[in-house]
Amino acid sequence: MRTFLGLFMMMIVSGDNEVPINGFLKDSVLLPCNCSGRNLSRVVKWQMEGLNGLSRVLELDVGNTSDSFDRYKGRAKIFVANCSLLLTNITAEDQGKYTCRFYVQELYMYSVRKLNISAKYNVCQQPARNLDGDVRVMVFQCDATGRYREAEIQWYLDGELLSNSSKTNITHTSPVGTPTGHYKFKTTLFTQFEWTAEPICGMKVKGIPSHIEYVCEEGTGYFTSQQQKCSMRYFKIIPIVLVLGLSLVLWCRWN
């Protein structure tokens with residue numbers, strides 16, 4: 001009877017549902033696993049199942065992280081306090097399902113995290129202009145900055161991908177690296193079509209999804225909606241400040 005109960009206790013499992021975690025390429029991401037305040041009886045293990053079905057294991061033993069796979073060396077850290085896993089300089093191959101496994105006495109516990117990775121880019125589309133000396137040709141320019149080189153700026157009109165034709169010419173410059181680890185992309189679209197809507201530029205990334213933020217430095221392109229709100233706010237506040245200042249000066253003179 002005692003043997004049966006012991007085997008029954010060994011089969012007790014406690015876990016949570018799969019939780020999605022989003023990370024950006026080349027950045028860091030924390031995968032939570034709350035084992036804090038628990039009396040762990042065995043080594044904590046993180047098991048990673050990649051999109052190709054291959055599994056890798058990271059183990060925590062007395063505060064040390066052991067890794068039998070070179071691709072994680074120097075990039076993975078498991079915190080002793082709560083067993084969470086920190087991945088730095090994440091790559092496209094890090095995308096997949098991560099399971100934290102540990103025992104509290106004889107209770108087997110686990111937490112599942114699905115890591116989704118995308119490449120982040122800041123995109124700035126310049127206002128349309130006429131080609132110098134030829135008003136029949138419209139020029140559109142788009143600049144982008146991101147940390148993943150395997151990408152290309154593309155142009156869309158009403159959701160349709162644009163390409164070179166007899167009246168449209170799209171040029172690209174090779175990505176240029178910066179000291180901060182980012183890459184700069186640039187493309188220009190020349191067209192003789194009289195479109196009723198303006199084309200929009202976006203990013204095509206090799207192997208993973210893209211996360212795009214449309215933002216320009218002031219004076220270089222379109223403002224984001226937040227920048228526009230801030231600018232309008234300033235224009236409203238400045239006259240009020242001037243009126244209050246003038247009223248204060250006049251009040252001081254009268255008194």
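Student: Which residues line the largest cavity?
Tutor: The lining is made of Trp46, Gln47, Met48, Arg56, Val57, Leu58, Tyr72 and Tyr98. Keep in mind that this is a predicted model.

Student: Which strands each supply at least two residues of that lining?
Tutor: Strand S4 (44-50) and strand S5 (55-61) do.

Student: And how many of the lining residues are nonpolar, polar or charged?
Tutor: Six are nonpolar, one is polar and one is charged.

Student: What volume does the largest cavity have?
Tutor: About 30 Å³. A search of the whole structure turns up one cavity of 30 Å³ or more.

Student: How does anyone spot empty space?
Tutor: You roll a probe the size of a water molecule over the atoms, and that shows where space is left empty.

Student: New topic. Where does serine 84 lie?
Tutor: Serine 84 is in the loop that runs between strand S7 (76-78) and strand S8 (85-87).

Student: Is serine 84 buried or exposed?
Tutor: Buried. The relative accessible area of serine 84 is 5%, and buried means under 20%.

Student: What does serine 84 touch, leaving out residues up to four places away in sequence?
Tutor: Its contacts are Leu30, Leu31, Pro32, Cys33, Trp46, Lys77, Ile78 and Phe79.

Student: What lies 3.2 Å from a polar atom of the serine 84 side chain?
Tutor: The backbone nitrogen of cysteine 33.

Student: Last one: how many aromatic pairs does the structure hold?
Tutor: Five. There is also an aromatic cluster formed by Phe140, Trp155, Phe193 and Trp195.

Note on methods: Residues are numbered from 1 along each chain as its sequence is written. This is a predicted model: local features need pLDDT of at least 70, side-chain atom pairs count only at pLDDT 80 or more; totals for chains, interfaces and linings use all residues. Side-chain values use heavy atoms; hydrogens and water are left out. Helices (H or I, at least four residues) and strands (E, at least two) are DSSP runs, numbered from the N terminus. Buried means under 20% relative accessible area, exposed over 50%, partly exposed in between (1.4 Å probe, protein chains only). A polar contact is a pair of N or O atoms within 3.5 Å; within protein, one must be able to donate a hydrogen and the other to accept it, and residues adjacent in sequence count only if both atoms are side-chain atoms. Contact means heavy atoms within 4.5 Å. Rings of Phe, Tyr and Trp (its six-membered ring) pair if their centres lie within 6.5 Å; planes under 30 degrees apart count as stacked, over 60 as edge-to-face and the rest as tilted. On a 1 Å grid over the protein atoms alone, a cavity is a set of points where a 1.4 Å probe fits but cannot get out, and a pocket is an open set with protein on both sides within 12 Å along at least five of seven lines; lining residues have an atom within 4 Å of a point. Grid points are joined across faces, edges and corners, and a volume is the space filled by probe spheres set on the points. Ala, Val, Leu, Ile, Met, Phe, Trp, Tyr, Cys and Pro count as nonpolar, Asp, Glu, Lys and Arg as charged, and the others, Gly among them, as polar.
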